[in-house]
Amino acid sequence: MTAEPVAGAAWRRRPGGLTALPAFLPSLLLPLLLLVAPPAFAWNAAGHRISALIAWERLDERTKAAVAAVLRQHPDYERWQTRSKDADADRAAFLEASTWPDDIRRDRRFYTAGHAPPTPTLHGFPDMERRLAWHYVDRPLHPEHKARPSPGALARQLAALPKILCDPESSAAERAYALPWLIHLVADAHQPLHAASRNRAHGDDDSGGNEQRIFNPLQPKYPSTNLHSYWDELPGKPWLRGKRLASTVKVLTLLYPPTAQAGGDATQWLEESWQLARQAAYPGGDNAVLTISAEFQARALEITGQRLGQAGYRLAGQLQRVFSGAGRQCST
């Protein structure tokens, strides 16, 4: 599927292509995201909670109950409740689980393979590896150039995790470990630079924009960063929760309601992200440091809003399918 955002317009999918939203809608979204928009990993915590809340609000009660029962078996369930302070314990666990695969990057109980020795395996975990490669797959933007193989496993994990949740022989611990990862990775798949890298003729690439420096005069406190972090941080402040989170979700779902193409599978989601990365994720120019313009920022925010909404709708659909078996082997 090809995604073709055009500068200066907001876009929504329709059968057979894309259509422009009314011009006044971007003006509503832009201030909202800037008020609630710095470091992050793959959408930041705000982005993951936004997509998770969109998904949660679309789940039927049986699926919510099934999801909550799985998450209650997670070793960090009580930590999530303490941090969230949400009166709805089931919703709190779901939203905090959405950021857990990023949270463990700073958690000393866990280790990064190849950079530190393994830490002791705690009860309820298969091991304590941070699994950084699960978050992305670096598909080259220029297939005509020589490209190194991507170590990223995002596509494989999006296929494997639902099978663990569906398998009646999976243990409670295995399911509790798989579910936060699935919640998280569905959103990661919708961040354009988690599906692509700009590769050069000599074979090197920019690691999904991590090695592409940018200057952003629209963010005077943190004007110098890399392009990947720029995209990750667009959803808002990483501590976004509570009423502001709910308000953001309400606006996004009004701006970007689900369409006939709100479903699809992981292959489609990653193809869309790759197309967006190729066409819209990089500012123009060949300088070593690229500059973010107001036009580019507005366009990037529109893409971000659209992709967060799609991730939420698709996550809800995935979970409805995964848990529709009510104890039987389910369909992914």
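Predicted model: local features only at pLDDT ≥ 70, side-chain atom pairs only at ≥ 80, totals over all residues.
Residues are numbered from 1 along each chain as its sequence is written, and side-chain values use heavy atoms, with hydrogens and water left out.

Buried residues of α7 are L154, Q157, L158, L161, P162, L165 and C166 (buried means under 20% relative accessible area and exposed over 50%, with a 1.4 Å probe and protein chains only). Seen down the axis, these buried residues fall within an arc of 165 degrees, so they line one face of the helix; the arc is that of the directions from the helix axis to the C-beta atoms. An α-helix has 3.6 residues a turn, so residues three or four places apart point the same way. The face turned away from the buried side carries the exposed residues R156 and K163.

Aromatic rings come next. The structure holds nine aromatic pairs, that is, rings of Phe, Tyr and Trp (its six-membered ring) with centres within 6.5 Å; planes under 30 degrees apart count as stacked, over 60 as edge-to-face and the rest as tilted. The rings of W100 and Y177 have centres 5.9 Å apart and planes at 85 degrees, so this pair is edge-to-face. W100 lies in helix α6 and Y177 in helix α8, so the pair ties together parts that are 77 residues apart in sequence. Both W100 and Y177 are buried. Ring pairs also link W100 and Y177 with F110 and F125 into a cluster.

Finally, there are the nonpolar cores, which are sets of buried Ala, Val, Leu, Ile, Met, Phe, Trp, Tyr and Cys residues joined through side-chain atoms within 4.5 Å. The largest has 60 residues, and F94, L179 and L319 have the most contacts inside it. Helix α8 provides the largest share of this core, ten residues. Apart from this core lies another, of 20 residues, including W231 and F296.

Notes. Helix = DSSP H or I, 4+ residues; strand = E, 2+ residues; numbered from the N terminus.
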